Amino acid sequence: MSPADVLQQLRGVRLRPPSTKGLAGRLLLLTVAFTLAVEVLIVAPGAASFHERWLLDRLQAAELASVGVEALPYSMVEDETAEELLAIGGVQAVVVGEQGVRRLLLQAPNLPRAPELIDLRRRGTAARLADPWRTLFGHPDRSLRVQARPRYRSGDYIEILAPAEPLKRELAAYLANSLLLSLLLSALAGGLLYAGLAFLVLRPLARVTQSIESFADDPEGQPASPSTRDDEIGRVERELARMQEEVRQSLRSRARLAALGEAVAKINHDLRNMLTSAQIASERLSASSDPAVAKAVPRLERALGRAAALTRNVLDYGKSEEPAAQPQRLALAPAVTTAAEDAGLGDGVRLTKSLPARFAVEADPDQLNRILVNLFRNARQAIEGDAARKATGRGPGRIRVSAEHRDGLAVIRIADDGPGIPERIRARLFQPFVSGAGPEGTGLGLSIARELAVGHGGDLRLVETGPNGTVFELALPS
């Protein structure tokens, strides 16, 4: 990705003002939700505990009253005394169960509604949690039959009958006080949590975002100093500062290279004019009858040719970008033949085509020709410069072109029987100005060829190389 692309992405990064869609708003909503959840976890068990404790208090008072009743002769009490005892215990009736026998000790008038049984001896957790809310939202005339194990007397259970309205009033008051206190505590804890997260997370993230926005607006502006924190946010700030500095350096290098490219283009233009004049002069010298001049002219022509080729390649590579490819359906065989002629293949280096019938690719004709010419010329120069081949008297070199369809692409395979690419440059083969073709190579051909292939949506790669030859694969849309 180029520095310009990085800047374009950075310019698209903006923080919105705090809202429910922003991080701060979402954090606030989560804090409120967690506070309410804690509130429920506090209030619900507290209400269940209060409800059960109120019933146990009534059971205890009724049990003590029943002990007093049994202390009387024949366990007989007058109606007024019974009412007083019931009023003291806050109940309407008291029953004692022992060995399967129910004994009614204190009896109240008949009730308008059948009471609801609550057996505290076998009450599950879910029922205990639900009891307060049934009482709170139940019918005003609701009564409760409550059974529990006796504490101060013998028997299987003691049972009371009590109205639910007094319990409802006290439970409502308890819940109001509990809700108010727990809300205050939860709000305080939630506020402290939110403030801590805002200080530790939101403010540093806002600094990071502001740094990104400032850098996107003015990459050469004064950079913000990263914090010295040792946590993840501190590492993010330092890494962001490092990345911004790398982008600044890339932008500066790009600007310097652009200026240098303009200067090189001007120098090359003047140099080409000079070389043209020198080539004209060398052609005139070739007609001289002086043996020394005739001997020196071929060397001069080769030197001038290499210099002219270098200026052309430098100009080609120095372009800010290659023109966009204009792909069209091309038959591969004629394109290979034309490129072989342009690359100077002939008797010394022969071309062999092994292509499927009517094999075609989607490519720009001019750019495909440049790619193939670069590959053929490099192979020809390597074969012609092979000293071992000359010493052993081997026959002419050979370049074999084959093709196949693979993974939706047309893969063109160019194989030669040259000496191979030197080990020292294989890893950098597609970098500019890296050449293994001897003094005639400029080191730009493969770099340009690969750039053109990638521009088509394909690639150019080195498959293998060695003393028996070199193989390249050119992938293009089919």
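Arg450 and Asp459 are joined by a salt bridge, with their closest N and O atoms 3.4 Å apart; the criterion is a side-chain nitrogen of Lys or Arg within 4 Å of a carboxyl oxygen of Asp or Glu. The model is predicted, so that local features need pLDDT of at least 70 and side-chain atom pairs count only at pLDDT 80 or more, while totals for chains, interfaces and linings use all residues. Residues are numbered from 1 along each chain as its sequence is written, and side-chain values use heavy atoms, with hydrogens and water left out.

Arg450 is partly exposed, at 29% relative accessible area, and Asp459 is likewise partly exposed, at 28% (buried, under 20% relative accessible area; exposed, over 50%; partly exposed, in between; 1.4 Å probe, protein chains only). Salt bridges that share partners also join Glu404, Arg406, Arg413, Arg461, Glu464 and Glu473 into one network. Across the whole structure, 21 salt bridges are found. Among them is the contact between the side chains of Arg134 and Glu116, at 3.5 Å from N to O. This pair links distant parts of the chain, with Arg134 in helix α4 (residues 125–136) and Glu116 in strand β3 (residues 116–119), 18 residues apart; helices (H or I, at least four residues) and strands (E, at least two) are DSSP runs, numbered from the N terminus. Arg134 is partly exposed at 35% relative accessibility, as is Glu116 at 27%. In the salt bridge between Asp131 and Arg123, the closest N and O atoms are 2.6 Å apart, and both residues are buried.

Strand β12 (residues 469–477) is mostly covered, with 8 of its 9 residues buried. Strand β10 (residues 409–416) pairs with β12 in the antiparallel sense over 8 bridges, where pairing requires at least two DSSP bridges between two strands. Within this pairing, Phe472 of β12 is the bridge partner of Ile414. Strand β11 (residues 459–466) also runs antiparallel to β12, to which it is joined by 7 bridges, and the two strands form a hairpin with 2 residues between them. Arg461 stands opposite Glu473 of β12.

Two rings are taken to pair when their centres (Phe, Tyr, or the six-membered ring of Trp) lie within 6.5 Å, with planes under 30 degrees apart counted as stacked, over 60 as edge-to-face and the rest as tilted. By this rule there are 2 aromatic pairs. The rings of Phe50 and Tyr174 are stacked, because their centres are 4.6 Å apart and their planes lie at 10°. Phe50 belongs to helix α2 and Tyr174 to helix α5, 124 residues apart. Phe50 is buried, with a relative accessible area of 14%, whereas Tyr174 is partly exposed at 25%. Phe430 and Phe472 form an edge-to-face pair, 6.4 Å centre to centre with 85° between the planes. Phe430 lies in the loop between β10 and α11 (445–455) and Phe472 in strand β12, so this pair ties together parts 42 residues apart in sequence. Phe430 is buried at 17% relative accessibility, and Phe472 is buried at 9%.

Arg450 also lies over the face of Phe430, at 4.2 Å from the ring centre; a charge sits over a ring if NZ of Lys or CZ of Arg is within 6 Å of the ring centre and within 35 degrees of the ring normal. The charged end of Arg58 is placed over the ring of Trp54, 4.0 Å from its centre.
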